[in-house]
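Notebook open. I went through this model and wrote down what I looked up.

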Amino acid sequence: MTGLLAKAWRPALLMLGLVAAGLALRGLGLDARVAAAGEGGALAFVALGTLACAVAVPRQVVAYAGGLAFGFWPGAALALAAEVLGCTANFFWARLAARRWAERWLQRAAGGRLDRLNRFLAAQAFTATLTLRLLPVGSNILLNLLAGVSGVPAGRFLLASALGYIPQTAVFALLGGGVQVSAGAQVALAAALFAASIGLGLLLLRRRPVPV
C-alpha cells in the first residue's frame with residue numbers, strides 16, 4: 001500500500017503535463033488540423049496510437065491526444081482501439097516471435113518482481129489482468145510482454161485489458177476534450193474521476209495484494 005501511494009504522484013504529474021501540452025497545441029491550432037482531416041485523420045491516429053502503445057508510450061498520453069483532437073466520445077473510442085491493438089501486438093510478438101528476447105527484457109525490467117507478477121497473472125488470468133489495468137501505476141508494456149511469454153489465454157487477457165483500459169482512457173480523453181473546448185468543468189470532472197480511479201485501485205489492492 002505504501003509503495004503504491006509513493007508512486008501515485010507520477011500519474012498526477014503526467015496529467016498536469018498533458019494539460020500544459022494540450023493548451024500549447026490548442027494555441028498552435030494543431031488539434032483542429034487533426035480533427036479536420038476527418039476519417040483519414042482518425043485512421044492515422046489509431047495507427048500512430050497503436051505504434052505508440054506498442055513501444056511503451058503511456059496509454060494515458062494516447063487517450064489524452066484522442067480527446068484533444070477529436071473530442072471526448074470519438075477520442076476515447078479511437079484511443080481505446082489503439083491501446084487494445086498495441087496490447088495485442090505486444091502480446092503476440094512476445095508469444096510468437098520474440099519469446100527469449102522478451103524474457104530477458106522482462107528479467108532486466110522487473111527484476112525480483114517478475115516471478116511474483118507471473119504467479120499473480122497465472123493464478124486468475126482475467127481477474128489479475130483487470131486488477132492490474134485498473135491500478136494507476138505499473139508498466140503497460142511489461143504486463144503485455146509478460147502475458148505473452150506466459151501461458152495466459154490470449155482471449156481472457158485481451159478482454160480483461162480492454163475492460164481495464166476503459167476508466168483511465170475515459171478520464172484522459174475527457175481531460176483532453178475539456179482542454180480542446182476550454183471547458184474548465186470538464187477538466188475538473190476528469191481530475192475528480194482520476195482521483196476516483198486511484199481510490200478504486202487502492203480498494204482492489206486491499207482485497208488482493210498486487211506486486212506492482
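Is Cys87 buried or exposed? I looked it up: Cys87 is buried, because its relative accessibility is 1%. Buried means under 20% relative accessible area, exposed over 50%, and partly exposed in between, with a 1.4 Å probe and protein chains only.

Ground rules next. The model is predicted, so I kept local features to pLDDT of at least 70 and side-chain atom pairs to pLDDT 80 or more, while totals for chains, interfaces and linings use all residues. Residues are numbered from 1 along each chain as its sequence is written, and side-chain values use heavy atoms, with hydrogens and water left out.

**Entry: the chain.** I found twelve helices and zero strands in the protein chain. Both are DSSP runs numbered from the N terminus: helices are H or I with at least four residues, strands are E with at least two. Of the 212 residues, 45% count as buried. I also checked contacts, meaning heavy atoms within 4.5 Å. Among those with a separation of 6 or more, 82% join residues 24 or more positions apart. The chain exposes about 10000 Å², and carbon and sulfur atoms supply 69% of that. Accessible areas come from the Shrake-Rupley method with a 1.4 Å probe; for residues, only the protein chains shown count as cover.

**Entry: Cys87.** I placed Cys87 in helix α6. Leaving out residues up to four places away in sequence, Cys87 touches Arg133, Asn144, Phe157, Leu158, Ser161 and Tyr165. I also checked Arg59: its C-alpha is 10.0 Å from that of Cys87, and the two are 28 residues apart in sequence.

**Entry: α5 against α6.** I read an angle of about 145 degrees between α5 and helix α6 (residues 72-97), with their axes 7 Å apart. The axes are lines fitted to C-alpha atoms over the stretch in contact, and angles run from 0 to 180 degrees between N-to-C directions. On the α5 side the contacts include Arg59, Val62 and Phe70; on the α6 side they include Phe72, Leu78 and Glu83.

**Entry: Ala56.** Ala56 sits in the loop between α4 and α5 (59-70). I noted a positive phi near 85 degrees, in a residue other than glycine. Ala56 counts as partly exposed because its relative accessibility is 41%.

**Entry: Leu51.** I found Leu51 in helix α4 (residues 38-54). Leu51 counts as exposed, at 51% relative accessibility.
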